[in-house]
Amino acid sequence: MKKILLAIVSVGILIFIGYWGVEMYRSTVETKNNAVVPENFKIEQKIQNGDIIFQTSKSNQSKAIQLATNSKYSHMGMIYENDGKYFVYEAVQPVKQTPLSKWIDRGKDNHYVIKRLRNASKILTNSTIKNMKKIGSQYNGKSYDLYFEWSDDKMYCSELVWKIYKEATGIEIGELQRLSDFDLSHKIVKTKMQERYGTNIPMDEKVISPAAMFNSDKLITIEEN
């Protein structure tokens, strides 16, 4: 009789341990998932097609861009939503769509700022967004423009977004400048300019910088991390 009772108690203990083991595992998994999901959910609840996202790139030219433009931000792109998933349309090598989460992970300290056109609800209609994507598609696959030339043969990040907005909405986000308008005095900037242009620096080349677009009064900040 004692052996039977002992067996019953043992089975009961094993069932108890097994049950709580499963519950603890579920709790751990849910905790991990909840640590990730809310952040993604928070971002996706706030952003929309046509938003512009900025970051500090970790590329070898980033510091030179920051110094020359007196800005923290050296890279940017436009947010697109396709089939419920968010991407950044950007000019890297080549121009392409990058999943939003991957794009954020690529930046320094995962920091980003998302901005939106003022009165976007009136201007960025579904038909306008469709047209922006159509206009942007002509640049898809083009090489990155290391020389920051104002042509459509190659593209750099701010040029891509500026031209899409200009053609689709008629709005110029950020003031166009000349290369000579930037601070080219720092050694890092001089070294990069020498590397790119040699002694023939095109000082009169038309340029739109990430800084000029970031500081535009036509944009408002939506999200920052």
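How many helices and how many strands does the protein chain have? The protein chain has eight helices and eight strands, taken as DSSP runs numbered from the N terminus, with helices being H or I of at least four residues and strands being E of at least two. The model is predicted, so local features need pLDDT of at least 70 and side-chain atom pairs count only at pLDDT 80 or more, while totals for chains, interfaces and linings use all residues. Residues are numbered from 1 along each chain as its sequence is written, and side-chain values use heavy atoms, with hydrogens and water left out.

Of the 225 residues in the protein chain, 40% are buried. Buried means under 20% relative accessible area, exposed over 50%, and partly exposed in between, with a 1.4 Å probe and protein chains only. Among contacts between residues at least 6 apart in sequence, 71% join residues at least 24 apart; contact means heavy atoms within 4.5 Å.

Strand S1, residues 52-55, includes Gln55. Gln55 has a relative accessible area of 1% and is therefore buried. Leaving out residues up to four places away in sequence, Gln55 touches Tyr73, Ser74, His75, Trp103, Ile104, Arg106, Gly107 and His111. Gln55 and Arg106 are separated by 51 residues in sequence, and their C-alpha atoms are 9.0 Å apart in space.

Helix H7 spans residues 187-197, and its buried residues are Val189, Lys192, Met193, Arg196 and Tyr197. These residues lie on the same side of H7 because they cover an arc of only 105 degrees around the axis, the arc being that of the directions from the helix axis to the C-beta atoms. The exposed residues Lys187 and Glu195 sit on the face of H7 turned away from the buried side. Just after H7, Gly198 has a positive phi of about 70 degrees.

What do the buried residues of H7 pack against? They pack against helix H2, residues 62-69. Two packed helices are described by the angle between their axes and the distance between the axes. For H2 and H7 the angle is about 120 degrees, and the axes are 9 Å apart. Axes are lines fitted to C-alpha atoms, for helices over the stretch in contact, and angles run from 0 to 180 degrees between N-to-C directions. H2 and H7 are therefore oblique to each other, since angles under 35 degrees count as roughly parallel, over 145 as roughly antiparallel, 65 to 115 as roughly perpendicular and the rest as oblique. The crossing of H2 and H7 is left-handed; a crossing is left-handed if the near helix is turned anticlockwise from the far one by less than a right angle, and right-handed if clockwise. Lys63, Ala64, Leu67 and Ala68 of H2 meet Ile188, Val189 and Lys192 of H7. These residues comprise five nonpolar, no polar and two charged, where Ala, Val, Leu, Ile, Met, Phe, Trp, Tyr, Cys and Pro count as nonpolar, Asp, Glu, Lys and Arg as charged, and the others, Gly among them, as polar.

A further helix pair is H5 (residues 126-137) and H6 (residues 157-169), whose axes come within 9 Å and cross at roughly 130 degrees. H5 and H6 are therefore also oblique to each other, and their crossing is right-handed. H5 contributes Thr128, Asn131, Met132, Ile135 and Gly136 to the contact, and H6 contributes Ile164, Tyr165, Glu167, Ala168 and Thr169. Five of the contact residues are nonpolar, four polar and one charged. Thr128 of H5 is buried because its relative accessibility is 15%. Apart from neighbours within four places in sequence, Thr128 is in contact with Ile123, Ala168 and Thr169.
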